[in-house]
Amino acid sequence: MTDRSALTKKILLGMFLGLLLGSLAHSIALDDSNPIMQFGINGLIDLGGQIFIVTLKLLVVPLVFVSLACGASNLSGGTSLGRIGIKTLGLYLFTTAVAISLALIFANIINPGLGMSLASDTVFVAKESPPIKQVFLEIFPSNPVKAMAEGNMLQVIVFAILVGVAISKSGEHGSRLRDSLDDWNEVIMKLVLMLMSVAPIGVFCLMTTVFANMGFGGIFDLAKYFFNVVLVLVLHFALTYFLLLRFLAGLNPLRFYKDFYPVMVYAFSTSSSSATLPITLETLEKKMGVRKEVASFTAPLGATINMDGTAIMQGVATVFIAQAYSVE
């Protein structure tokens with residue numbers, strides 16, 4: 001993990017240097033017409049950051065499909081897939097429910113949007129909710145190629161699991177295809193790691209562009225909202241996960257967090273669970289002793305549908321916007 005630790009330090013350094021350079025450019029009041037801003041920060045540097053993000057996104061679908069298909073094909077013997085699948089989905093739904101509940105509770109205690117009094121003539125008209133039958137129907141792909149092209153991850157997940165189950169039941173033919181998928185999995189993981197080797201540059205470009213255009217003022221203007229989100233994230237991390245690790249998994253939470261430190265830094269700096277998957281899988285298998293077939297099934301599924309941080313952000317944002325616009 002020496003190379004991983006070195007890369008983690010480089011990513012943190014890229015974040016700091018980007019914040020420093022961007023804040024400096026903002027503090028000397030460079031406007032969009034200034035050549036440094038126009039061709040430098042909002043031109044070349046922003047282009048580097050956007051290429052990094054776009055490249056991360058292009059890897060999501062193949063990474064999730066291949067990992068899940070491999071995991072499902074290895075777990076399909078007996079009742080393993082059903083048992084592990086139900087437990088995994090149940091845990092993900094539970095942690096997401098806890099996350100959104102904490103967000104709504106603390107947002108209503110802190111009241112991050114009170115006093116802003118934002119006036120708007122815009123009238124929001126909510127779309128009619130589709131019937132529950134339609135919601136379940138749209139989870140299943142009628143055209144898997146279209147689902148992959150559009151990045152419809154739920155449909156991609158269903159198709160990957162079905163392919164994995166079919167592989168496990170196809171005897172010698174399935175075994176050959178499983179070996180091929182394992183090879184593809186290794187190639188895709190290597191591709192992600194190749195991209196992560198330039199992550200410090202990508203993170204530097206992203207941070208520079210954001211702070212050059214917004215400065216710290218953008219954070220200070222929304223300080224109450226910002227710290228509300230951070231507070232709930234910390235509580236969920238330190239309380240919910242701590243209790244689950246200690247009493248459900250029987251692990252030492254502090255040891256777990258220590259072993260997972262590189263994974264958390266990668267995820268924080270790239271804002272991408274999918275880009276962090278190779279490091280997540282490596283840590284699960286080599287440091288945690290999780291079986292490869294279990295890790296390759298649960299980790300990609302969690303990176304795709306178990307977004308507790310997003311649930312917290314949206315919960316706080318809902319209360320914040322409603323209060324800012326004086327909507328009950």
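**Helices and aromatic rings**

Student: How many of the 14 residues of H14 are buried?

Tutor: Eleven are buried, so H14 is largely enclosed by the rest of the structure. Buried means under 20% relative accessible area, exposed means over 50%, and partly exposed lies in between (1.4 Å probe, protein chains only). Helices (H or I, at least four residues) and strands (E, at least two) are DSSP runs, numbered from the N terminus.

Student: Where do the coordinates come from?

Tutor: This is a predicted model, in which local features need pLDDT of at least 70 and side-chain atom pairs count only at pLDDT 80 or more, while totals for chains, interfaces and linings use all residues. Residues are numbered from 1 along each chain as its sequence is written, and side-chain values use heavy atoms, with hydrogens and water left out.

Student: What span should H14 have?

Tutor: Helix H14 (residues 292-305) should span 20 Å at 1.5 Å a residue, and its end C-alpha atoms are 20 Å apart, which agrees. The expected span is 1.5 Å times one less than the number of residues.

Student: And what about H15?

Tutor: The 17 residues of helix H15 (residues 308-324) should span 24 Å, and its end C-alpha atoms are 24 Å apart, which agrees. Its buried residues include Asp308, Gly315 and Phe320. Just after H15, Ser326 takes a positive phi of about 55°.

Student: New topic: how many aromatic pairs are there?

Tutor: Rings of Phe, Tyr and Trp (its six-membered ring) pair if their centres lie within 6.5 Å; planes under 30 degrees apart count as stacked, over 60 as edge-to-face and the rest as tilted. By this rule there are six aromatic pairs. One of them is Phe65 with Phe159, stacked at 5.7 Å centre to centre with 20° between the planes.

Student: Which helices does that pair link?

Tutor: Phe65 is in helix H2 (residues 35-75) and Phe159 is in helix H6 (residues 153-168), 94 residues apart. Phe65 counts as buried at 15% relative accessibility, whereas Phe159 is partly exposed at 26%.

Student: What about Phe256 and Phe260?

Tutor: Phe256 and Phe260 are stacked, 4.7 Å centre to centre and 15° between the planes. Both are buried.

Student: Phe247, buried or exposed?

Tutor: Phe247, in helix H10, counts as exposed because its relative accessibility is 67%. The charged end of Arg246 sits over the ring of Phe247, 6.0 Å from its centre. That term requires NZ of Lys or CZ of Arg within 6 Å of the ring centre and within 35 degrees of the ring normal.
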